[in-house]
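Q: Can we go through this model together? I'll ask as I go.

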Amino acid sequence: MLLVSLLWLSLPGLAQVRKPLPLGYLQWSATHRLQPSDFQFRLRPQNNLNQSVGSMGLQMDGMVGDLFGKRANRVVQNVFHSAGSYLDSTDQTTTALQIRYIQTLWDINEVAARHLRQELRAGAKRMLLIGKPDINDLFRAAYENANKRQIQYADETKYGLFLDKQAVWERLLVSELAELAAFAVPD
């Protein structure tokens with residue numbers, strides 16, 4: 001009976017057709033790096049905004065039962081919201097540095113997303129049977145971890161302007177993403 005219940009709980013997740021991300025959202029990709037066209041709003045001279053901002057976050061698309069199937073890694077999405085992001089294009093020299101900085105923040109988010117996918121897949125059976133660990137607690141911990149690392153990165157690189165330290169972070173993130181490749185969403 002327990003096996004039938006488990007199968008029944010996972011079937012709706014497998015049978016549902018997943019809708020694509022809403023317009024203006026990008027899924028993190030190893031092959032698509034951020035570019036000016038990914039920012040909906042570009043700052044022009046004579047504005048009150050300073051620097052660039054990237055709006056990104058982790059979201060869930062699916063159910064616990066999906067963690068047992070082929071779409072397990074797709075349950076957690078690391079997204080960039082174009083409409084909530086802007087690029088200070090008033091100085092072309094710094095525009096590329098700002099994009100690189102925001103891309104690195106998004107890469108840090110991807111490391112957190114992969115760790116979260118790993119935790120969710122490891123705990124899926126317990127979540128389904130006893131409701132623990134709480135999926136919201138895991139999301140919150142991943143969010144907090146990503147925020148702490150983003151602050152550390154911003155501090156160590158002076159928002160990506162210390163190019164030698166920027167390169168160190170980029171190498172570190174490439175290494176971490178490679179270690180967690182099993183938990184990546186395929187491009």
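Q: What does Arg149 touch, leaving out residues up to four places away in sequence?
A: Arg149 touches Ile108, Val111, Trp169, Leu172, Leu173 and Glu176, where contact means heavy atoms within 4.5 Å. This is a predicted model, in which local features need pLDDT of at least 70 and side-chain atom pairs count only at pLDDT 80 or more, while totals for chains, interfaces and linings use all residues. Residues are numbered from 1 along each chain as its sequence is written, and side-chain values use heavy atoms, with hydrogens and water left out.

Q: Where is Arg149, and is it buried or exposed?
A: Arg149 is in helix H3. Its relative accessibility is 15%, so it counts as buried. Buried means under 20% relative accessible area, exposed means over 50%, and partly exposed is in between, with a 1.4 Å probe and protein chains only.

Q: How do H2 and H3 sit against each other?
A: Their axes come within 9 Å and cross at roughly 155°. Axes here are lines fitted to C-alpha atoms, for helices over the stretch in contact, and angles run from 0 to 180 degrees between N-to-C directions.

Q: What do you call that arrangement of H2 and H3?
A: H2 and H3 are roughly antiparallel to each other. Angles under 35 degrees count as roughly parallel, over 145 as roughly antiparallel, 65 to 115 as roughly perpendicular, and the rest as oblique.

Q: Left-handed or right-handed crossing?
A: H2 passes H3 in a right-handed crossing. A crossing is right-handed if the near helix is turned clockwise from the far one by less than a right angle, and left-handed if anticlockwise.

Q: Which residues make the contact?
A: On the H2 side they include Arg100, Tyr101, Leu105, Ile108 and Val111. On the H3 side they include Ile135, Phe139, Ala142, Arg149 and Tyr153.

Q: How many of the residues in that contact are nonpolar, polar and charged?
A: There are 15 nonpolar, three polar and three charged. Ala, Val, Leu, Ile, Met, Phe, Trp, Tyr, Cys and Pro count as nonpolar, Asp, Glu, Lys and Arg as charged, and the others, Gly among them, as polar.

Q: Switching to salt bridges. How many in the whole structure?
A: A search of the whole structure finds eight. The criterion is a side-chain nitrogen of Lys or Arg within 4 Å of a carboxyl oxygen of Asp or Glu.

Q: What does Asp107 pair with?
A: Asp107 forms a salt bridge with Arg33, with the closest N and O atoms 2.6 Å apart. The pair links distant parts of the chain, 74 residues apart: Asp107 is in helix H2 (residues 92-130), and Arg33 is in the loop between strand S1 (25-27) and strand S2 (41-43). Asp107 counts as buried at 7% relative accessibility, whereas Arg33 counts as partly exposed at 37%.

Q: And Glu170, which residue does it meet?
A: Glu170 and Arg100 meet in a salt bridge at 2.7 Å, N to O. They are 70 residues apart, with Glu170 in helix H4 (residues 163-179) and Arg100 in helix H2. Glu170 is partly exposed at 27%, and Arg100 is partly exposed at 30%.

Q: What about Arg140 and Asp137, where are they?
A: Both lie in helix H3 (residues 135-157), three residues apart, about one turn of the helix.

Q: Which residues are linked in a network of salt bridges?
A: Asp61, Asp66 and Arg71 are linked in one.

Q: Now backbone. What is the peptide bond from Lys132 to Pro133?
A: That bond is cis, with omega near -5°. Pro133 is in the loop between H2 and H3.

Q: What is phi at Lys158 and Tyr159?
A: Phi of Lys158 is near 50°, and Tyr159 has a positive phi of about 60° although it is not a glycine. Most residues other than glycine have a negative phi, and most peptide bonds are trans. Lys158 is in the loop between H3 and H4, and Tyr159 has its place in the loop between H3 and H4. Lys158 is partly exposed at 44%; Tyr159 is exposed at 54%.

Q: Last one: how do the elements run from the N terminus?
A: The order is α-β-β-β-β-α-α-α, from four helices and four strands. Helices (H or I, at least four residues) and strands (E, at least two) are DSSP runs, numbered from the N terminus. Buried residues make up 39% of the 187 residues.
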